[in-house]
Amino acid sequence: MKRPSLDSILLASADPERLREWYAAALDPEENADFDGYRVLKFGGFHLLIDSRADISDKNPEPGRVILNFDVADARAVVARMEALGVSWLAELEDRGGSLFATAIDPDGNYVQVIQLSDEHRAAMDQ
(Lines give C-alpha, C1' and ligand atoms only; values in the text may rest on other atoms or scores of the structure.)
Protein backbone atom coordinates (compact mmCIF):
# COMPACT_ATOMS: atom_id res chain seq x y z
CA MET A 1 0.00 0.00 0.00
CA LYS A 2 1.23 3.47 -0.90
CA ARG A 3 2.01 5.72 2.06
CA PRO A 4 0.25 9.08 2.29
CA SER A 5 2.08 12.10 0.93
CA LEU A 6 1.48 15.74 1.75
CA ASP A 7 0.57 17.42 -1.53
CA SER A 8 -1.13 20.68 -0.61
CA ILE A 9 -2.43 23.08 1.99
CA LEU A 10 -5.58 25.19 1.89
CA LEU A 11 -5.00 28.75 2.98
CA ALA A 12 -8.34 30.39 3.75
CA SER A 13 -8.71 34.14 3.37
CA ALA A 14 -11.37 36.83 3.63
CA ASP A 15 -9.77 38.23 0.45
CA PRO A 16 -8.39 35.23 -1.47
CA GLU A 17 -7.61 37.11 -4.68
CA ARG A 18 -5.45 39.64 -2.83
CA LEU A 19 -3.64 36.80 -1.05
CA ARG A 20 -3.04 34.91 -4.29
CA GLU A 21 -1.66 38.04 -5.95
CA TRP A 22 0.71 38.57 -3.02
CA TYR A 23 2.06 34.99 -3.05
CA ALA A 24 2.44 35.05 -6.84
CA ALA A 25 4.33 38.38 -6.76
CA ALA A 26 6.44 37.52 -3.72
CA LEU A 27 7.41 33.94 -4.52
CA ASP A 28 6.97 33.41 -8.29
CA PRO A 29 5.21 30.00 -8.36
CA GLU A 30 5.71 27.51 -11.18
CA GLU A 31 1.97 27.58 -11.82
CA ASN A 32 -0.79 30.06 -10.97
CA ALA A 33 -4.17 28.66 -11.96
CA ASP A 34 -7.83 28.40 -11.10
CA PHE A 35 -9.28 24.94 -10.51
CA ASP A 36 -12.85 24.24 -9.42
CA GLY A 37 -13.09 27.66 -7.77
CA TYR A 38 -9.76 27.38 -5.96
CA ARG A 39 -6.78 29.59 -6.61
CA VAL A 40 -3.89 27.13 -7.00
CA LEU A 41 -0.21 28.04 -6.82
CA LYS A 42 2.35 25.31 -7.44
CA PHE A 43 5.75 25.44 -5.76
CA GLY A 44 7.90 22.42 -6.59
CA GLY A 45 5.66 19.40 -6.00
CA PHE A 46 3.51 21.25 -3.47
CA HIS A 47 0.25 23.09 -4.12
CA LEU A 48 -0.93 26.13 -2.19
CA LEU A 49 -4.73 26.38 -2.52
CA ILE A 50 -6.29 29.71 -1.60
CA ASP A 51 -10.02 30.03 -1.00
CA SER A 52 -12.52 32.00 1.05
CA ARG A 53 -14.35 30.78 4.13
CA ALA A 54 -17.16 32.36 6.13
CA ASP A 55 -15.78 31.19 9.49
CA ILE A 56 -12.51 33.17 9.53
CA SER A 57 -11.50 36.71 10.40
CA ASP A 58 -9.54 39.14 8.24
CA LYS A 59 -6.28 38.41 10.11
CA ASN A 60 -4.92 35.14 11.46
CA PRO A 61 -5.11 35.44 15.28
CA GLU A 62 -2.49 32.69 15.86
CA PRO A 63 -0.07 32.77 12.93
CA GLY A 64 2.61 30.77 14.73
CA ARG A 65 0.52 27.58 14.55
CA VAL A 66 1.41 26.97 10.90
CA ILE A 67 4.41 28.53 9.18
CA LEU A 68 4.83 28.14 5.43
CA ASN A 69 8.48 27.39 4.66
CA PHE A 70 9.79 28.17 1.18
CA ASP A 71 13.13 26.70 0.11
CA VAL A 72 14.69 29.29 -2.21
CA ALA A 73 17.88 29.47 -4.27
CA ASP A 74 18.51 33.16 -3.55
CA ALA A 75 17.04 34.39 -0.25
CA ARG A 76 18.38 37.91 -0.74
CA ALA A 77 16.54 38.26 -4.07
CA VAL A 78 13.28 36.92 -2.61
CA VAL A 79 13.57 39.25 0.38
CA ALA A 80 14.15 42.20 -1.96
CA ARG A 81 11.07 41.24 -4.00
CA MET A 82 9.00 40.99 -0.79
CA GLU A 83 10.29 44.34 0.44
CA ALA A 84 9.22 45.92 -2.85
CA LEU A 85 5.71 44.66 -2.01
CA GLY A 86 5.87 46.43 1.36
CA VAL A 87 6.10 43.27 3.48
CA SER A 88 6.30 43.35 7.27
CA TRP A 89 8.97 41.14 8.83
CA LEU A 90 8.62 38.97 11.89
CA ALA A 91 12.34 38.18 11.52
CA GLU A 92 14.56 39.96 9.00
CA LEU A 93 17.06 38.04 6.89
CA GLU A 94 19.79 36.49 8.99
CA ASP A 95 22.67 34.10 8.47
CA ARG A 96 22.43 31.00 10.69
CA GLY A 97 25.65 29.12 10.26
CA GLY A 98 25.78 29.65 6.50
CA SER A 99 22.05 29.23 5.85
CA LEU A 100 19.81 32.25 5.33
CA PHE A 101 16.42 32.64 7.04
CA ALA A 102 13.76 35.36 7.08
CA THR A 103 10.13 35.31 8.25
CA ALA A 104 7.64 37.58 6.52
CA ILE A 105 4.02 38.27 7.42
CA ASP A 106 1.60 37.90 4.52
CA PRO A 107 -1.42 40.24 4.06
CA ASP A 108 -3.61 37.92 6.19
CA GLY A 109 -1.08 37.77 9.03
CA ASN A 110 0.31 34.29 8.26
CA TYR A 111 4.01 33.65 8.76
CA VAL A 112 6.00 32.86 5.62
CA GLN A 113 9.57 31.69 6.07
CA VAL A 114 12.17 32.08 3.33
CA ILE A 115 15.01 29.57 3.69
CA GLN A 116 18.21 29.23 1.69
CA LEU A 117 20.06 26.25 3.12
CA SER A 118 23.81 25.99 2.83
CA ASP A 119 25.24 22.95 1.07
CA GLU A 120 26.40 21.65 4.46
CA HIS A 121 22.95 21.96 6.07
CA ARG A 122 21.29 20.38 3.03
CA ALA A 123 23.71 17.43 3.11
CA ALA A 124 23.07 16.94 6.84
CA MET A 125 19.29 16.85 6.25
CA ASP A 126 19.66 14.26 3.47
CA GLN A 127 21.36 11.76 5.78
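**Chatting through a predicted chain**

Colleague: What share of the contacts with a separation of 6 or more comes from residues 24 or more positions apart?
Modeller: That's 54% in this chain, with contact meaning heavy atoms within 4.5 Å. Keep in mind that this is a predicted model, where local features need pLDDT of at least 70, side-chain atom pairs count only at pLDDT 80 or more, and totals for chains, interfaces and linings use all residues. Residues are numbered from 1 along each chain as its sequence is written, and side-chain values use heavy atoms, leaving out hydrogens and water.

Colleague: OK, how many helices and strands are there?
Modeller: Three helices and eight strands (DSSP runs: H or I of at least four residues for helices, E of at least two for strands, numbered from the N terminus). Along the sequence they come as β-α-β-β-β-β-α-β-β-β-α.

Colleague: Which residues of H1 are buried?
Modeller: H1 covers residues 16-27, and its buried ones are Pro16, Leu19, Arg20, Trp22, Tyr23, Ala24, Ala26 and Leu27. Buried means under 20% relative accessible area with a 1.4 Å probe, counting protein chains only. In the whole chain, 37% of the 127 residues are buried.

Colleague: And what follows H1?
Modeller: Asp28 does, and its phi is positive, near 50 degrees.

Colleague: Switching topic, how many positive and negative side chains are there?
Modeller: There are 13 positive and 24 negative ones (Lys and Arg versus Asp and Glu, with His and the chain ends not counted). The centres of the two sets lie 4 Å apart, placing each charge at NZ of Lys, CZ of Arg, CG of Asp or CD of Glu.

Colleague: Last one: what does the C-alpha trace span?
Modeller: About 45 × 45 × 25 Å along the principal axes of the chain.

Terms used. Buried means under 20% relative accessible area, exposed over 50%, partly exposed in between (1.4 Å probe, protein chains only). The expected span of a helix is 1.5 Å times one less than its number of residues.
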